[in-house]
Amino acid sequence: MIKFVIYTSKASIALSNIDLNDLITIARDNNKKNQITGMLLYLDGFFLQYLEGPENNIDILYKKLSQDNRHTSLEVLESGSIPSRRYAEWQMLFKKISSKEVPQFLKNSNIDVQHQGEIKLNLTQVKEILGQLSL
Ligand SMILES: Cc1cc2nc3c(=O)[nH]c(=O)nc-3n(C[C@H](O)[C@H](O)[C@H](O)COP(=O)(O)O)c2cc1C
């Protein structure tokens, strides 16, 4: 079985494209070694990540993530086991999207992104976004 985790977090500082590029390059190298696949979204200062892989490797990575001071307020929205990977081809698909673009990913649910640019996505919305981006 493959373990998966979906979590959101808040970037501690505004990350430049160079910072994000460094982060994703290291993440992809590590993930390849650790048989981890998934998707990382950077949404105006917020992260949304879907991780999947062998249980032990996911647990070790999540521990590292929770100690990484580039982000805070990690919140696991869902975790569990699945018989096979959803993103087998992606060592870590990365997308940067603006909160203004979020509504276009949500066909079945409404979202209020007006207040202070702060985005509060529920699990249904998160899954809808992940589903659209993986196409
Ligand atoms: C939002 C975010 C997502 C990350 N995603 C991954 C990832 O998918 N895989 C990974 O190995 N590291 C990821 N990292 C980096 C880890 O926290 C850690 O810095 C990295 O694994 C290096 O660990 P090491 O010093 O043990 O090699 C991420 C960091 C942040 C802030």
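Let's start at the ligand: 15 residues surround it, and the closest are A27, N30, F47, D68 and R70. Bear in mind as you look around that this is a predicted model.

The most comes from α1, which gives five residues.

**The sheet**

From the ligand we can turn to the strands. Five of them form an open sheet with mixed pairing, in the order β4-β1-β3-β2-β5. At the edges sit β4 and β5, each of which pairs on one side only. Neighbouring strands in this sheet are turned by 10° against each other on average, direction ignored. A helix joins the picture too: α3 packs on the sheet and touches β1, β2, β3, β4 and β5. The direction of α3 makes about 75° with that of β4.

Within the sheet, β2 and β3 run antiparallel and are joined by seven bridges. If you want one spot to look at there, G38 stands opposite L51 in β3.

| β1 | 2–11 |
| β2 | 37–43 |

**The nonpolar core**

The largest nonpolar core has 20 residues, and those with the most contacts inside it are V5, M39, L40, L41, Y50 and L51. At least two residues of this core come from each of β1, β2, β3, α2 and α3. The largest share is that of β2, with five residues.

L41, one of the residues with the most contacts inside the core, is worth a visit. Leaving aside neighbours within four places in sequence, L41 is in contact with F47, L48, K95 and I97. Among these, F47 is also one of the residues closest to the ligand.

**A look at S79**

The C-alpha atoms of S79 and V5 are separated by 4.2 Å, although the two residues are 74 residues apart along the chain. V5 also brings us back to the core, where it is among the residues with the most contacts.

Note on methods: Residues are numbered from 1 along each chain as its sequence is written. This is a predicted model: local features need pLDDT of at least 70, side-chain atom pairs count only at pLDDT 80 or more; totals for chains, interfaces and linings use all residues. A residue is near a molecule or strand if its C-beta atom, placed from the backbone, lies within 6 Å of it. Helices (H or I, at least four residues) and strands (E, at least two) are DSSP runs, numbered from the N terminus. A nonpolar core is a set of buried Ala, Val, Leu, Ile, Met, Phe, Trp, Tyr and Cys residues joined through C-beta atoms within 7 Å. A residue is buried if 20 or more other C-beta atoms lie within 10 Å of its own, exposed if 12 or fewer, and partly exposed in between; C-beta atoms are placed from the backbone. Two residues are in contact if their C-beta atoms, placed from the backbone, lie within 7 Å. Two strands pair if DSSP finds at least two bridges between them. Axes are lines fitted to C-alpha atoms, for helices over the stretch in contact, and angles run from 0 to 180 degrees between N-to-C directions.
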